Amino acid sequence: MALLEVDNLVVQYYTDDGVVRGVDGISYEIRAGETVGLVGESGAGKSAASRAVLRLLDGAGEIVGGEIRFRGRDILELSADDLRAIRGDEIAMVFQDAGAVFNPVYTVGEQIAETIRTHEAVTDSEARDRTIALLDRVGIPNPAARYADYPHELSGGMQQRAVIAMALACDPAVLICDEPTTGLDVTVQAGILELLAELAATSETAIQLVTHDLGVVAELCERVLVQYAGEIVERAPVDELYYDPKHPYTVGLLAATPRLGDDRERLPTIPGTAPDLIDPPTGCRFHPRCPYAEDCCASRRPSLVDPVSGRPDDGDPETHVAACLEYTGDLEAGLDYEVQVRDAADSDCRERKQQGEPR
Amino acid sequence: MSDRQPTTDRGRIRIVGFDDAAEQKRDSDASSDTADAAGTTADPSIASRGATGIDPTTASASALAQPGRRLENAWRRFRRNRSAMAGLAVIIVMAVLAVFAWPITVSTAEVTITLQPFSLAPYDPTAMFVAPPNAPPSLAHPFGTDWAGRDQFSRVLVGGRYTLSIGLVAVGLALCVGVPLGAIAGYFGGWIDEAIMRVVDVLYAFPFLVLAIAIVPILEPVPILGSGYWTVVVALAVTGWVGYARLIRGEVLSVREREYVTAARALGVPDRTIIQRHVVPNAIAPVVVQATLNVGTVVLTATALGFLGLGLEPGSAEWGAMLAQGRSSLLRGDWHVTVFPGLAIFLFVLAINLVGDGINDALEPDRDGRDDRRRMR
Amino acid sequence: MSLGRYVGRRLAITVPVLVGVTALTFSFVHLLPGDAVDAIVGFRDVSAETEAAIRAEYHLDQPVWDQYLLWLRDAITLEFGESPVTGRDVSATIGRRLPATLALGGAAWLLALAIGIPAGIVAAVSAGKPADEVGRLAALAGIATPNFWLGLILLFVFSVRLGWFRVLPPDAPLVSLATVKFLVLPTITLGTAAAALVMRLLRSSMRRELDAPYVTAARARGLPERTVILKHVLRNAFLPVVTVAGLQLAFLVDGAVVVEGIFSWPGMGRLLVRSILRRDYPVIQAIVLVIGIAIVLANLLVDIIYAILDPRIRY
């Protein structure tokens with residue numbers, strides 16, 4: 001039994017224009033100590049899915065189906081008190097806008113210490129000492145002084161580190177990070193990633209990393225889930241996802257990543273825009289934008305299958321599954337792309353010589 | 001099956017083939033779009049789906065684009081608000097009653113023009129002793145009579161004219177002074193801003209009613225303001241403009257920093273145009289709400305002035321003045337002199353507040369934007 | 001900047017405002033129609049000696065600027081001269097009446113907070129439910145009711161008809177059971193609208209804060225809902241209420257002017273109205289000055305308190 005199991009989760013939002021199924025039946029699991037990435041564009045529903053785990057959806061959203069099991073207990077069935085006991089203590093969240101996470105009228109240290117005091121029976125000075133130790137652990141210099149700082153007195157990077165410290169305060173089993181590096185400078189981003197990597201390596205904490213940045217995922221995660229329009233379209237260990245992507249959307253994401261030394265004139269993009277979830281496309285939700293779409297793609301909804309055998313997903317987190325009709329043998333033309341790998345040896349000189357030559 | 005081979009190499013990744021396939025798709029989408037436009041619909045879902053999507057609306061884009069549509073949406077939201085619509089209905093009814101209560105005539109030496117001939121009021125509001133004084137409500141006189149034997153019902157109906165018009169005119173005048181001054185202060189900043197804001201601060205130190213009380217005797221002898229009506233209006237306008245000036249200055253300050261204003265400046269658009277076309281329309285929403293709610297405040301102050309005996313000429317059917325006799329009547333046990341005019345004031349101010357709240361709810365742009373963004377995550 | 005420097009800056013801005021307030025008040029008598037002397041004596045006929053005495057007392061033969069400074073100097077020492085109408089010392093008259101107005105205003109303010117704050121919190125937390133709608137309508141009714149009307153009705157029902165309260169204030173010192181009992185109706189009259197305003201403001205402020213990310217984050221940390229609301233949200237939601245507190249003072253003064261008259265309460269508001277009707281302009285001038293200065297200082301105090309509560313404002 002995995003630490004956290006999400007089973008066919010459905011989340012709906014009620015808007016002026018209609019009902020939106022932001023998350024439409026996703027399932028995944030997170031085992032103790034592993035780092036899993038959840039990737040997708042804005043609007044794919046990744047943040048909604050993450051917030052749903054702790055039942056933190058804002059007023060307009062509602063969980064209408066599925067189960068979320070933590071250590072075997074369904075979180076959706078927990079009483080308010082039991083839920084509160086889990087929040088922050090066993091499952092903690094790191095939100096995107098670090099500055100907004102802190103209450104502006106209390107000091108940073110006080111808010112972290114408050115979290116400790118809420119879940120554990122400690123004295124005020126014990127909480128304070130632990131807080132300072134936490135601030136130190138996340139790499140904030142001069143932690144004792146920073147304890148008494150207000151949130152707006154810290155730089156963006158420091159704020160994000162403080163948010164991570166606050167999430168780690170009670171040594172949670174699962175850490176859900178919602179776009180922790182988005183909006184930060186690249187150098188600051190690197191620091192945060194380093195911190196998260198070190199945490200993943202040294203502690204028992206499982207990390208669910210939600211992001212749209214493939215580079216971040218590559219660096220930190222062991223397994224990756226790709227989400228599109230409220231559904232999981234591919235799941236794989238990280239190496240396999242990058243070197244052997246199966247779903248056309250994943251391929252498109254990888255193709256669209258710009259690289260240094262890229263000699264193409266135009267950046268490729270995935271055609272079209274993310275779909276309107278009030279009235280999602282029929283059949284495969286990606287088919288309007290998929291370069292390989294055929295007629296059957298508009299009418300049949302693909303489910304996650306093993307691309308090699310065509311058999312449906314059995315839930316084993318280590319297997320590579322993708323939701324494309326190609327793998328159940330229904331496409332005629334097939335998927336026309338190729339993953340080319342340039343190893344370090346011939347990269348430099350070959351690049352320069354072959355500039356201008358079509359590959 | 002595809003002609004793609006799974007790879008076991010490790011190193012720098014590059015995807016080949018997707019871009020070309022995507023190009024092809026874009027071309028075929030474009031051509032099928034034009035084919036569709038020509039007439040028959042093949043499979044519209046595929047072609048059109050490629051174009052639908054969520055348009056990211058940045059604050060600047062939504063601010064400039066389609067102001068007409070924003071108004072439409074706001075009106076729709078307002079219409080759905082039941083209490084706001086009820087308030088609006090009450091105001092309209094009261095306005096109609098006020099206009100048609102008694103004939104409106106304009107007369108010069110030779111000619112008398114009757115602008116409005118209807119009279120809903122059963123009795124002339126100024127006619128005394130049409131019934132015994134202080135008579136309680138009856139069928140003939142639904143609101144009773146006052147100390148001079150005048151029919152209260154007619155007086156309440158006609159009194160609406162003073163109240164409604166004072167409210168609207170005073171607020172209108174205050175807006176005409178306050179909005180430009182506040183916009184100028186906010187936009188230009190510097191010493192202009194400081195000067196105007198100091199004046200605002202000084203005026204703010206005096207309560208609304210106290211200031212109006214102090215201004216009335218100053219304005220009384222001024223010839224055109226004579227009758228008392230305009231004295232009250234001007235007094236209320238002079239005290240009322242400061243709130244709008246401050247409000248719009250704050251709004252202008254925040255709008256001024258937005259990119260589209262900087263862009264307009266960079267393009268050489270003159271300041272006055274920027275203020276008119278870009279700054280004011282975006283900053284005006286809270287002012288509208290405030291102005292609507294202020295009609296209520298102004299009415300309360302105007303009626304208070306009437307109650308205190310300042311302002312309109314004695315004997316006029318102004319609701320506040322009618323209440324001035326209330327205390328002595330009450331002590332005698334005649335409650336009807338107090339209840340009905342006060343009820344009229346209460347109803348009007350309540351209705352105005354409902355409408356103002358409704359406008360506030362309907363015009364809340366940042367709330368909507370935030371909600372949409374949150375949902376689409 | 002630190003709190004000290006922030007306070008210094010606010011003080012620096014307050015000084016020109018105070019100057020403006022005094023100048024405006026001073027000019028009141030001179031803005032009145034006719035000669036200043038006529039205005040001061042309220043357009044009554046007076047003997048030549050009285051006229052000369054007044055000219056001397058108000059320094060009317062000197063240039064306006066000097067008149068202002070002399071008047072200001074006198075005002076600072078609370079020397080407002082004598083009322084030409086009653087002959088009594090103006091500052092003594094005001095001094096006698098000030099405590100009465102302070103008592104009424106203070107009681108109304110406390111009532112407004114005691115009712116408005118809990119009501120605002122309840123309304124914010126139960127948004128969308130019937131309690132919220134009821135509260136919203138009650139608050140709107142409270143704001144829409146003219147205070148003079150409310151006072152008259154309360155007076156009629158509870159004093160005239162039911163006889164629970166006196167109609168006129170008792171002949172007893174300010175701090176006595178009889179006076180406190182009498183103050184119940186005037187306090188309710190004056191405080192209702194203020195309570196409604198506080199409730200509405202707090203409700204909308206809290207609703208805005210409840211949407212803030214730090215609230216979700218606080219819940220995500222497992223803090224109990226009560227802590228989230230009372231410790232985190234309220235502290236932030238209170239800030240606009242504190243800002244408005246200065247305006248509340250002006251609002252209460254306005255109300256007192258009318259309410260004191262209805263209940264014959266011997267305060268400054270009643271004095272102001274009487275003076276207007278009697279054309280006792282020096283008294284009016286003195287009262288307006290006291291009010292103006294008080295409000296400016298109160299707003300300064302409010303600004304400082306706000307800076308203490310909100311660390312962001314100091315930077």
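This is a predicted model: local features need pLDDT of at least 70, side-chain atom pairs count only at pLDDT 80 or more; totals for chains, interfaces and linings use all residues.
At least two lining residues each come from β6 (91-94) and α7 (156-168) of chain A and from α9 (213-220) of chain C, and the largest share, 3 residues, is supplied by α7(A).

The second largest cavity is lined by 13 residues, and those nearest its centre are Pro248(A), Cys284(A), Cys290(A), Cys297(A) and Cys324(A). The table sets out the residue classes of the two linings.

| Cavity | Nonpolar | Polar | Charged |
|---|---|---|---|
| Largest cavity | 9 residues | 2 residues | 1 residue |
| Second largest cavity | 11 residues | 2 residues | no residues |

For the second largest cavity the volume is about 80 Å³.

Turning to the contact between chain B and chain C, 45 residues of chain B and 50 residues of chain C take part, and the area buried between these chains is about 4100 Å², with carbon and sulfur atoms giving 76% of that area. There are 2 salt bridges between chain B and chain C; Asp357(B) and Arg200(C) join their side chains in a salt bridge with an N to O distance of 2.8 Å. Across this interface, 7 residue pairs are in polar contact. On the side of chain B that touches chain C, several helices each supply at least two residues, among them α7 (190-204), α11 (271-308) and α14 (336-362), and α14(B) gives the most, with 11 residues. The residues of that side comprise 30 nonpolar, 7 polar and 8 charged.

Technical notes:
Residues are numbered from 1 along each chain as its sequence is written. Chains are lettered from A and ligands numbered from 1 in the order in which they are written. Side-chain values use heavy atoms; hydrogens and water are left out. Contact means heavy atoms within 4.5 Å. Buried area is the accessible area (1.4 Å probe) that two parts lose on being put together, summed over both. A salt bridge is a side-chain nitrogen of Lys or Arg within 4 Å of a carboxyl oxygen of Asp or Glu. A polar contact is a pair of N or O atoms within 3.5 Å; within protein, one must be able to donate a hydrogen and the other to accept it, and residues adjacent in sequence count only if both atoms are side-chain atoms. Helices (H or I, at least four residues) and strands (E, at least two) are DSSP runs, numbered from the N terminus. Ala, Val, Leu, Ile, Met, Phe, Trp, Tyr, Cys and Pro count as nonpolar, Asp, Glu, Lys and Arg as charged, and the others, Gly among them, as polar. On a 1 Å grid over the protein atoms alone, a cavity is a set of points where a 1.4 Å probe fits but cannot get out, and a pocket is an open set with protein on both sides within 12 Å along at least five of seven lines; lining residues have an atom within 4 Å of a point. Grid points are joined across faces, edges and corners, and a volume is the space filled by probe spheres set on the points.
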